[in-house]
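Subject: Structure handover

Hello,

Here is the structure I promised to pass on. Please open it alongside this note.

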Amino acid sequence: MPGERPTVTRTTDVGRFPGAAPPTRVELSIHKEGEKTEESACRRWFRKMCPCCCKCQNSSTYDITDKVEVVNPPTPVPELDGPKHENGKRENGESREMEVMRLSVSFVDLLSSKMGKNRQEHHTDLYHTEELVIRRGQSFQIEIELNRPFNTETDKLHLDLRTGPLPLVSKGTHVIIPLVDTLDNKQWGAKLEEQNDNKVKLSINSSASAAIGLYGLTVTTSSLKNETLNTYTSSKNIIILFNPWCTEDTVFLDDEEERNEYVLNDTGRIYYGTEKQIGARTWNFGQFQEGILEACLFVLERSDMPPSGRGDAVNVVRVISAMINAQDDYGVLIGNWSGDYSDGVSPAAWSSSVEILKKYHSSNGTPVSYGQCWVFSGVTTSVLRCLGIPARSVTNFQSAHDTDVSLTNDVYFDEDMEPIDYLNSDSVWNFHVWNDCWMARPDLPNGHGGWQAVDSTPQETSQGTFRCGPASVTAIRSGQVYLKHDTPFVFAEVNSDKIYWQRNLDGTFSQIHSEKKAVGHCISTKAVGSDDRADITHLYKHQEGSEEERIAVETASRYGSKPDVYSSPMAEDVRVEVKMEGEGPRMGADAQLSIVVKNLSSEPRRTTLHSQVAVMYYTGVLKGTIKKEQLPVELLPNEEKTIEWILPYQQYQNQLVDQAALMLTLSGRVNETKQVLASQTSFRLLTPDLNITPLGKAVVGKEMAAKITFTNPLPKMLKDVVFRVEGLGLQKGHEVFVGDVSGQATVTLTEHFIPTQPGPRKLVASLDCKQLTQVHGVADIIVLEQ
């Protein structure tokens with residue numbers, strides 16, 4: 001009936017204090033709103049003994065329709081453990097009430113099911129493991145069951161992740177994850193997403209530079225009333241991998257089909273034979289098979305690499321290159337080219353990495369017999385893909401092995417043209433298989449990220465260990481062999497000239513012949529999405545015999561042990577420089593730069609500059625070339641010429657990526673002196689700022705406004721434009737959907753808000769749409785007290 005509400009009183013033998021009790025009795029009474037009821041003596045006693053479980057009701061609680069109250073008869077209160085004083089407190093000053101209220105964890109569910117949201121969103125659902133496998137730089141969720149409901153006002157909770165034998169916060173191997181109100185994509189943090197009685201669900205964001213590997217998880221709780229810490233250790237672990245789906249990760253790969261191929265595909269093709277008779281064999285990489293993830297982590301554990309170094313993809317790849325061969329560190333595979341494999345498995349008999357890695361792991365690191373280059377490459381692909389680094393097996397036909405860092409393949413003859421065997425240590429293999437892996441190279445100049453060559457076959461030592469790479473394929477192509485790691489060796493494999501030498505009567509040697517197209521043919525890998533062979537020779541070298549290819553060879557040779565193999569330039573008196581006017585080119589217009597070529601000599605000079613411009617990610621990885629041209633240059637004595645270089649808007653409008661960065665590469669050779677010219681210039685297309693103008697006086701508690709103005713710099717329409725506006729102490733962050741904005745059109749948005757905090761404040765805004773990025777603005781506002 002209106003104005004009445006029922007109250008159910010139940011007496012039972014189940015309660016906070018166990019003991020004998022009469023049979024359950026249910027009393028139903030109807031109380032009119034506003035009518036007071038007398039509290040029983042038993043009820044008063046119980047409320048006094050345990051106020052946290054039986055709080056006084058007042059009129060403000062009467063919006064509850066039904067209430068079940070559990071009332072027990074008086075029973076002796078059991079003593080809490082430990083001595084106490086007469087005032088009821090324990091020796092540490094803690095009351096029984098505080099003991100009861102202490103927050104603790106009952107259970108942690110890592111939500112690690114293969115079919116669950118975590119594994120699905122992190123693309124780790126294929127791994128056969130019960131552990132939670134996640135990729136760094138991406139959020140994941142866990143559920144925590146507590147002994148009582150979590151109070152955001154009075155309770156504290158944080159997580160600890162630890163990896164390695166001696167976890168340290170300073171080394172990044174002990175990560176303390178606090179509760180935060182808003183997750184930051186660039187750092188660790190946990191946000192309370194849901195709360196249901198004693199259960200809470202946390203969304204946790206990891207750093208995109210976190211060390212990969214196996215982490216143990218603990219949850220620490222406390223409350224403001226009770227500073228005693230309670231720690232719970234999860235029975236399951238968390239495995240963190242590299243993340244090619246995360247833009248902040250150095251291994252980010254922006255093509256979904258390529259990610260499916262180079263990270264998620266567990267089978268592939270490896271090529272062998274000769275350039276005129278190319279054979280192919282299927283290889284099971286098996287990176288998701290049961291026990292393989294554990295084996296790959298074991299390989300890292302067996303290396304000398306400290307856990308703190310496992311956040312750097314370059315270091316990890318370099319370590320894997322060393323650990324796949326057993327030459328000097330008890331790695332995975334023993335190389336054998338003798339033809340006698342009676343005490344092991346013939347390299348040609350393997351067709352899978354799975355058995356090899358499992359055997360190495362189960363034997364606690366006993367190297368497996370035997371491997372040759374394609375086996376080393378297949379296992380390397382498996383390990384890198386398993387750890388989250390995009391990788392592929394690559395075959396080079398007519399592959400040179402340079403043993404003296406001359407960057408040439410040398411053949412020596414005596415005075416009678418008989419080969420000198422002890423000097424002829426260089427060789428050319430019919431084929432050789434290594435790997436490409438994809439990553440940014442922040443340790444190198446811009447433009448050298450992308451595919452990196454890495455070779456696990458033990459051929460030559462690098463810094464005292466049999467390993468090779470990662471070497472930038474871009475650097476190999478241009479002959480920049482002075483860039484690490486092991487670029488000279490890989491360059492010689494694909495693009496060294498074969499030089500024939502004859503011994504003179506005085507013991508010196510003279511160059512008698514050279515072959516310029518002897519090595520580096522039909523460089524092959526499996527095509528994306530099919531079993532076809534993809535020829536990637538053009539990634540490793542310019543077209544054979546072209547001027548660019550010759551320049552690369554001669555540039556590289558100058559950094560080798562025989563720098564005078566090719567004639568040195570007679571003079572280096574021509575300079576080339578790229579200049580830009582003001583702040584540089586702007587988005588939506590033709591990009592214009594100035595190429596300045598100066599002749600410092602008293603003689604005329606001629607050259608042809610080869611220019612190409614490529615789209616570049618902010619990490620330094622080049623996406624692709626969008627324009628090439630040749631620029632003939634003739635200079636009079638001491639003349640300086642300025643060439644206006646233009647990239648039309650139409651050529652880049654649909655090619656740009658975030659940050660709108662580009663790289664212009666120039667190369668050439670002076671005809672008269674053979675001087676090599678080279679220049680690389682990175683630049684970005686500037687985007688307009690949002691113009692934010694405060695309107696009115698800024699006073700706490702009084703409404704004011706701000707006008708945000710934006711003009712589309714592009715001649716085409718921007719679709720689905722969204723503004724994001726926020727100001728700490730001014731207004732909460734929110735989105736304003738604008739919709740389509742025509743080319744060159746101006747948008748004006750007026751924001752109304754009431755400042756809540758005095759002092760200097762910033763109102764920030766950004767524009768979000770696919771066609772235009774990095775558009776933002778800020779206004780400084782000084783808020784006065786009311």
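This is a predicted model: local features need pLDDT of at least 70, side-chain atom pairs count only at pLDDT 80 or more; totals for chains, interfaces and linings use all residues.

Aromatic pairs first. Take Y412 and W501. Their ring centres are 6.4 Å apart and their planes meet at 20°, so this pair counts as stacked. The two residues come from distant parts of the chain, 89 residues apart. Y412 sits in strand β19 (residues 409-413), and W501 in strand β25 (residues 498-503). Both Y412 and W501 are buried.

Next, Y482 and Y559. This pair is tilted, with 4.9 Å from centre to centre and 50° between the planes. Y482 is partly exposed, at a relative accessible area of 46%.

Y272, W374, F397 and F431 are joined into a cluster by ring pairs. R392 lies over the face of W451, 3.8 Å from the ring centre.

Now helix α7 (residues 354-362). Its residues V354, I356, L357 and Y360 are buried. What do the buried residues of α7 pack against? The partners are the strands β15 (277-284), β16 (333-335) and β17 (368-371), plus the helices α5 (292-302), α6 (313-323) and α8 (373-387). Just after α7 comes N364, with a positive phi of about 60°.

Best wishes

Terms used:
Residues are numbered from 1 along each chain as its sequence is written. Side-chain values use heavy atoms; hydrogens and water are left out. Rings of Phe, Tyr and Trp (its six-membered ring) pair if their centres lie within 6.5 Å; planes under 30 degrees apart count as stacked, over 60 as edge-to-face and the rest as tilted. Helices (H or I, at least four residues) and strands (E, at least two) are DSSP runs, numbered from the N terminus. Buried means under 20% relative accessible area, exposed over 50%, partly exposed in between (1.4 Å probe, protein chains only). A charge sits over a ring if NZ of Lys or CZ of Arg is within 6 Å of the ring centre and within 35 degrees of the ring normal. Contact means heavy atoms within 4.5 Å.
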